[in-house]
Amino acid sequence: MAAYYRWKSFEENEDRPEKPRRYGVTEMRGPHYSVLSQNLLQEIFESMGQFVDGLKFSGGSNSLIPKSFIKQAIEMAHEHGVYVSTGDWAEHMLRSGPSAFKDYVEECKQLGFDTIELNANSLEVPEETLLRYVRLIKNGGLRAKPMFAVKFNKSDIPGRNRAFGSYVVPEPRSNEFVEDIDLLIRKAERCLEAGADTIMIDADDVCKYADSLRADIIAKVIGRLGIEKTMFEASDGKLAEWFIKRYGPNVNLYVDHSQIMDLECLRGRHLGKDHQSVLSSSYFLF
């Protein structure tokens, strides 16, 4: 069994480069839904560090953690060739005035962050202002990662329990809006032109129904922006498998730390279409 599930080396997949990688990037969720101690981070990096490209302090968690811990965690990540991202917290800095964002960039740099994420939806600023923020981040010597959310009306999704030919009473349309995907992509393209390194796509609603209707949205995003410049959030193992099956091992994914091992196996081994977990759903790494 050990031979069957042996870890592959990167040489077994010529398209999968060593770190630092431009594609096939795995970004790991840091403290947010659960507390990650330094010991746990160290264990993850020592056991699976070669498969982890980035660590993200998501949900503004870095604002609640002592700066001493953040610096130590960042230094630990850097020792294993892992970059560190702020997550979407910049929008809260704007309440302090126009100069607050520049101060925020400088503070992130002093703490050791490599990437600043910009949630375009939460920022609620004009497009030109968003582009200015991207340039400020780049001028500060950090990587910029704007994030865009794709929303659509759930009533447009066909019911999964619908019998063929049967009549289904139309559901009332929700208040959710249908995102103009072409406009979203154009904004993302302008961010890349301004110097952004990666575009993060928060497509949770789209991906939940990817097998039924909205896989075309993901295809259009990748087709226009390129697989190297986009990163998608894979909220569970099935979603990660969906991306790997359709776009290969080189798609960039943002996952929970508990998914690292399964994701790397998906990237590097053909485990069959019914694969759910190489170590069973009851397995806990730590």
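# Why these labels?

Visitor: Which residue is the bridge partner of Met28 in E2?
Guide: Leu55 is that partner. Keep in mind that this model is predicted.

Visitor: What makes E1 and E2 a pair?
Guide: Two strands need at least two bridges to pair. Strand E1 (residues 26-29) and strand E2 (residues 54-56) are joined by 3 bridges, so they qualify. They run parallel.

Visitor: Why is H2 called oblique to H3?
Guide: Look at the angle. The axes of H2 (residues 67-79) and H3 (residues 100-111) cross at roughly 60° and come within 9 Å. Roughly parallel needs an angle under 35 degrees, and roughly perpendicular starts at 65. The crossing falls between those cut-offs, so H2 is oblique to H3.

Visitor: Which residues make that contact?
Guide: H2 brings Lys67, Lys71 and Ile74. H3 brings Glu107, Gln110 and Leu111. By class, the contact has 2 nonpolar, 1 polar and 3 charged residues.

Visitor: Why is Glu124 called exposed?
Guide: Exposed means over 50% relative accessible area. Glu124 has 70%, so the label holds. Glu124 is found in the loop between helix H4 (120-123) and H5. Its phi is positive, about 50°, although it is not a glycine.

Visitor: Why does Met261 count as buried?
Guide: Buried means under 20%. Met261 has 16% relative accessibility, so it counts as buried. Met261 is found in helix H10 (residues 260-268). The C-alpha atoms of Met261 and Phe51 are separated by 8.2 Å, though these residues lie 210 apart along the chain.

Visitor: How do you know that Glu233 and Arg29 meet in a salt bridge?
Guide: The cut-off is 4 Å, from a side-chain nitrogen of Lys or Arg to a carboxyl oxygen of Asp or Glu. Here the N to O distance is 3.1 Å, so the pair passes. Glu233 belongs to strand E7 (residues 230-233) and Arg29 to strand E1, 204 residues apart.

Visitor: Are those two residues buried, exposed or partly exposed?
Guide: Glu233 has 23%, between the limits of 20% and 50%, so it is partly exposed. Arg29 has 10%, so it is buried.

Visitor: Which residue forms a salt bridge with Arg29, at 3.3 Å?
Guide: Asp256 does. Asp256 sits in strand E8 (residues 252-256), 227 residues from Arg29. Both Arg29 and Asp256 are buried.

Visitor: What makes Arg224 and Asp182 a salt bridge?
Guide: Their closest N and O atoms are 3.3 Å apart, within 4 Å, so they count. Arg224 is in helix H8 (residues 210-225), and Asp182 is in helix H6 (residues 181-193). Arg224 is partly exposed at 37%. Asp182, at 36%, is partly exposed too.

Visitor: Which residues are linked with them in a network of salt bridges?
Guide: Arg186, Glu189, Glu193 and Lys220 are linked with Asp182 and Arg224.

Visitor: How many salt bridges does the structure hold?
Guide: It holds 18.

Terms used. Residues are numbered from 1 along each chain as its sequence is written. This is a predicted model: local features need pLDDT of at least 70, side-chain atom pairs count only at pLDDT 80 or more; totals for chains, interfaces and linings use all residues. Side-chain values use heavy atoms; hydrogens and water are left out. Helices (H or I, at least four residues) and strands (E, at least two) are DSSP runs, numbered from the N terminus. Axes are lines fitted to C-alpha atoms, for helices over the stretch in contact, and angles run from 0 to 180 degrees between N-to-C directions. Angles under 35 degrees count as roughly parallel, over 145 as roughly antiparallel, 65 to 115 as roughly perpendicular and the rest as oblique. Contact means heavy atoms within 4.5 Å. Ala, Val, Leu, Ile, Met, Phe, Trp, Tyr, Cys and Pro count as nonpolar, Asp, Glu, Lys and Arg as charged, and the others, Gly among them, as polar. Buried means under 20% relative accessible area, exposed over 50%, partly exposed in between (1.4 Å probe, protein chains only).
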